[in-house]
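Hi there,

Here is the structure I promised to pass on.

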Amino acid sequence: MIYEIKMPSLGADMDKGRFVEWKVKVGDHVDKDQEIAVIETPKAAVEIDSFRAGKIVEIIAKPDEVYPVGSILAKMELDFVDTSLAEPIVSPESKRLRISPAARKLAEQEGIDLSQIKGSGPDGTIEFQDVSKLSGQAAQPLISIREAVARTMARSKKEIPHYYLKSKVCVDKLIEAVDKLNSTPTSQDRILMPAALMHILALALKKHPDMNGLYEHEKFVPHFEINMGMAIALKSGGVIAPAVLGMEKLNLFSVNRILNDLISRAREGKLKTSELTKSTITVTNLGDLGSHEVFGVIFPPQVALIGLGQVHKEAVVDNNTIRAGFVIDITLSADHRVSDGLSGSRFLQSVCELIMQPQSVLKE
Amino acid sequence: MKEDEVKKIIEETLKKVAPEVNFSDLNLDKPFRNQIDMDSYDLYNMLAKIEAATHVRIPEAEIREITTLSALVKFIADHSSEIL
């Protein structure tokens, strides 16, 4: 049986991709999950894994050519008949690159693939001069990341009737709980506050399914799986939002580990298809930049977007006395076709309750 | 641990996290994240390396208060008897 390997869709705003290179040739036997090619989208270079096992019988796509989503890139003769329907998945964790922030920024601006560069810095770190040598030689991107984001945001505002809510909550107990976890002898990776907050959001989403799912073909489908996208601003401009998949079954340490890996690979342009296409909700954390509140635009076809502001000190009321405490503003942008202010408020209330009593939820 | 030793560790760590940065060009008394192109994940990465090298744990609450390299040096020097 002949199976067609097609250009995957890696986001609502993607309608084409640039084919970069083949990792296999005609006659090669390919195992399931084996890396077979690299494609470039406006947001990232993505490795494609073979979803099936078989032999490559025809190569169609040529390097540096642009193909619409759904175009046939190659054909494979399957080892056995498999009637399951699924999109191609991409490679498992790629080799981590050591890259200086300035080099990363220049590579993003110039659209240079960092995996092709040999670093001259300590321990093979890719430094600014390693990238600047290639600057100006990179192929023109399909469309800029900024343009891709603009399309998505315009579509969202046109199609989704947004409503907005905000809650402010004291995070002193959460900070204390995270510090306690980071001080245990068994802790290896430092637990990051964004990871702790994402874990809490996932726990709240289990009780509020009208915030987690997709609105397509004029109906809302809630998802049991919580695939939480984290909006990451690229230094070259624009936003990418890869997802931590399956958060409904992850503990805090797993979330933390996966988030660290995700951010690292997002900057290297080495993300998986599923991480870019399967988000059921997105979180934007602009606290790092000093903003206290962010009312974001929902990524269609999702139905909600959560904003995390900067953790900062304010006067808080504690047992009828006023003291200085750390607080965070949590915002919700939600689709009014699916939920309303009451359900949105209840969701935020659940989140705040978990943040104020985190000991039981932040378990190893 | 003396402040000079801590400063040396921070300088070595910055060479790994941000190799282009010349430590001697930095103003230690001004917010360092404005001087180095560093987001929160770069910051956590740097602090994790400094914690490992100095064996001083930097609590989450302190991270939000320490904005200059001078403050970071002083904190670590003052708490250098703590064990991770």
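In chain B, 56% of the contacts between residues at least 6 apart in sequence join residues at least 24 apart, a contact being heavy atoms within 4.5 Å. Please keep in mind that this is a predicted model, where local features need pLDDT of at least 70, side-chain atom pairs count only at pLDDT 80 or more, and totals for chains, interfaces and linings use all residues. Residues are numbered from 1 along each chain as its sequence is written, chains are lettered from A and ligands numbered from 1 in the order in which they are written, and side-chain values use heavy atoms, with hydrogens and water left out.

Staying with chain B, you will find five helices and zero strands; helices (H or I, at least four residues) and strands (E, at least two) are DSSP runs, numbered from the N terminus. The C-alpha trace of chain B spans about 30 × 25 × 20 Å along its principal axes. Its radius of gyration is 12 Å, which agrees with the value near 12 Å for a compact globule of 84 residues (taken over C-alpha atoms; the globule rule is 2.2 Å times the number of residues to the power 0.38). Of those 84 residues, 45% count as buried, where buried means under 20% relative accessible area, exposed over 50%, and partly exposed in between (1.4 Å probe, protein chains only).

Eleven of the 15 residues of β18(A) are buried. As for individual partners, A:Tyr164 bridges to A:Ser333, A:Gly307 to A:Thr331, and A:Asp318 stands opposite A:Thr321. The hairpin of β17(A) and β18(A) has two residues between the strands, and A:Asn319 takes a positive phi near 50° there.

Leaving aside neighbours within four places in sequence, the contacts of A:Thr284 include A:Ala231, A:Val294 and A:Gly307. Is A:Thr284 buried or exposed? A:Thr284 is buried, because its relative accessible area is 12%.

Happy browsing, and write back with any questions!

Technical notes: Pairing = 2+ DSSP bridges.
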